[in-house]
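The following note sets out points on secondary structure, packing and charged contacts for the attention of a colleague. Please read the points alongside the coordinates.

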Amino acid sequence: MLAGTGHELATLLHPVSPEEFLASYWEKQALHVRGTPEKFTHLFDRERFDLAILRTGFDKRVPATFGIHAFWRNRHDLYAGIEIEPHQVREALASRTTVCVNDISAGDEGLATFAAHIKRQLGLPSPIRFNCYLSPPGEGLDTHYDARHAMVIQLSGRKLWRYSRHPAAKYPLRNAIVEQDGRVRQSDNKPIRDVPSPDESQFEEVLLEPGDILYLPPGCWHNAKAGEESSLALNMACETVGFLGILGPELERVLQNRVEWRALVPATLASPAGAGTMPPEVGQFIAARLAELRELLGRLAADETELERLWRRATTSSPHLAQARPASDVPLRPGDVLVRTEPYPLAYVVRPGATPDTAAGVYVYGVNTEVALPGEALPLVRALAERQRFSVEEVESWAGLRLEQAQEFLKLLVARGLLRLES
């Protein structure tokens with residue numbers, strides 16, 4: 001179940017429309033949108049910050065993406081960082097340290113739900129999560145770029161941002177920073193040869209105030225510093241998981257079920273006579289696995305339904321929202337009114353049948369949920385896609401099914417959380 005308006009993206013970007021944002025800014029250039037002080041008061045605040053880090057910091061099931069870091073200038077005037085515990089945040093702030101909480105949405109259901117809505121409204125298969133920055137007066141981070149889309153949402157205080165309007169690198173593999181001597185290095189400390197040092201005299205400059213947002217595509221240089229009061233800001237990060245991130249897990253799922261793909265490459269004893277050549281048994285093993293991989297990719301490429309299912313599953317997944325628990329059998333009466341639980345057109349995929357007018361199966365999607373229905377349910381699914389609310393007795397007139405048969409499909413969708421009885 002994904003409660004909300006279905007217009008979260010439009011509200012976030014207003015007065016810029018989502019269509020204009022995708023056409024002119026997404027992946028292309030930075031965007032600053034001036035807001036009003038009360039625009040994001042419902043979204044997050046300092047009280048929820050404290051609750052979120054406590055809730056997640058002491059949860060044994062904490063996701064790997066969650067972490068609290070403190071950043072400060074060392075004696076060489078360079079920013080250093082360490083990971084800290086929730087109880088150390090107050091002390092860190094008192095010592096003029098910027099505190100960054102990665103994936104704070106893991107501890108705040110409201111943020112997790114908002115991120116899920118943005119993901120759905122952009123049709124993104126990549127994860128979206130919220131990071132949070134709490135900076136004392138005058139503190140921030142030096143010039144760097146991130147390897148992800150970032151939407152900065154200023155909640156309280158003010159922060160001066162300086163940034164390049166266009167990316168310096170297209171979808172970089174890692175974050176990068178500018179050293180004091182002007183050289184650029186990646187977050188793994190390796191130098192970057194194909195990205196020149198930025199000309200900061202050409203940077204845009206804006207003072208973010210409560211209600212403002214700043215969108216930065218991957219690879220946009222930026223630095224930021226809080227004003228005369230502490231700054232609290234969210235960073236809505238869209239991880240740059242390419243198509244391999246969608247395809248890879250599916251290939252692993254299929255291939256790991258085969259003993260040959262779980263087996264080691266054959267062991268061989270070193271022999272001077274065989275130096276410079278691959279042992280025959282190793283070559284045969286690798287060739288056989290590659291042949292199987294080619295065959296699997298060929299079948300997948302030819303199966304448009306399976307490709308669409310992969311994409312649908314990725315775009316409707318949300319790591320911090322629980323999958324709807326299957327409910328027990330709920331009897332439906334003709335006069336009962338059903339409501340769809342998500343504010344979106346019903347997403348579904350059709351597996352074609354033997355003839356153009358038939359379907360072999362239908363897959364229906366909700367948050368973290370895929371429901372498989374037989375092909376005869378297609379008229380019902382198509383009709384549901386056009387309705388947000390309806391009575392059970394209406395179904396017989398527009399689904400082309402017997403009421404008893406339609407009720408069985410409806411009960412399954414209720415049990416899986418895609419429909420609910422109106423209270």
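1. In strand β18, Val 371 is the bridge partner of Val 364. The model is predicted, so local features are reported only at pLDDT of at least 70 and side-chain atom pairs only at pLDDT 80 or more, whereas totals for chains, interfaces and linings use all residues. Residues are numbered from 1 along each chain as its sequence is written, and side-chain values use heavy atoms, with hydrogens and water left out. Helices (H or I, at least four residues) and strands (E, at least two) are DSSP runs numbered from the N terminus.

2. The pairing of β17 (residues 359-366) with β18 is antiparallel and runs over six bridges; two strands count as paired if DSSP finds at least two bridges between them. The two strands form a hairpin with two residues between them, and Asn 368 in the turn has a positive phi of about 55°.

3. Side chains alternate along β18 (residues 369-374).

4. Axes are lines fitted to C-alpha atoms, for helices over the stretch in contact, and angles run from 0 to 180 degrees between N-to-C directions.

5. Helix α8 (residues 280-302) has 23 residues and should span 33 Å at 1.5 Å a residue; its end C-alpha atoms are 33 Å apart, which agrees. The expected span is 1.5 Å times one less than the number of residues. The buried residues of α8 are Val 282, Phe 285, Arg 289, Leu 296 and Leu 300. The elements covering them include α6 (243-255), α7 (259-262) and α9 (304-315), where contact means heavy atoms within 4.5 Å.

6. Helix α9, with twelve residues, reaches 17 Å from its first C-alpha to its last, close to the 16 Å expected at 1.5 Å a residue. Thr 305, Glu 306, Arg 309, Leu 310, Ala 314 and Thr 315 are buried in α9. Their cover includes α5 (109-122), α6, α8, β16, β17 and β18.

7. How do α8 and α9 pack against each other? Their axes come within 5 Å and cross at roughly 90°. The two helices are therefore roughly perpendicular; angles under 35 degrees count as roughly parallel, over 145 as roughly antiparallel, 65 to 115 as roughly perpendicular and the rest as oblique. Leu 300, Ala 301 and Ala 302 in α8 meet Glu 304, Glu 306, Leu 307 and Leu 310 in α9.

8. The whole structure contains 27 salt bridges, each defined as a side-chain nitrogen of Lys or Arg within 4 Å of a carboxyl oxygen of Asp or Glu. One of them joins Arg 313 and Glu 250 (3.7 Å, N to O). Arg 313 lies in α9 and Glu 250 in α6, so this pair ties together parts that are 63 residues apart in sequence. Arg 313 counts as partly exposed because its relative accessibility is 27%, whereas Glu 250, at 9%, counts as buried.

9. Arg 313 also forms a salt bridge with Glu 370 (3.2 Å, N to O). Glu 370 lies in β18, so this contact ties α9 to a part 57 residues away in sequence.

10. A further salt bridge joins Asp 303 and Arg 351 (3.4 Å, N to O). The pair links the loop between α8 and α9 with strand β16, 48 residues apart. Glu 250, Arg 253, Asp 303, Glu 306, Arg 309, Arg 313, Arg 351 and Glu 370 are linked in a network of salt bridges.

Key
Buried < 20%, exposed > 50% of the residue type's maximum accessible area, 1.4 Å probe, protein only.
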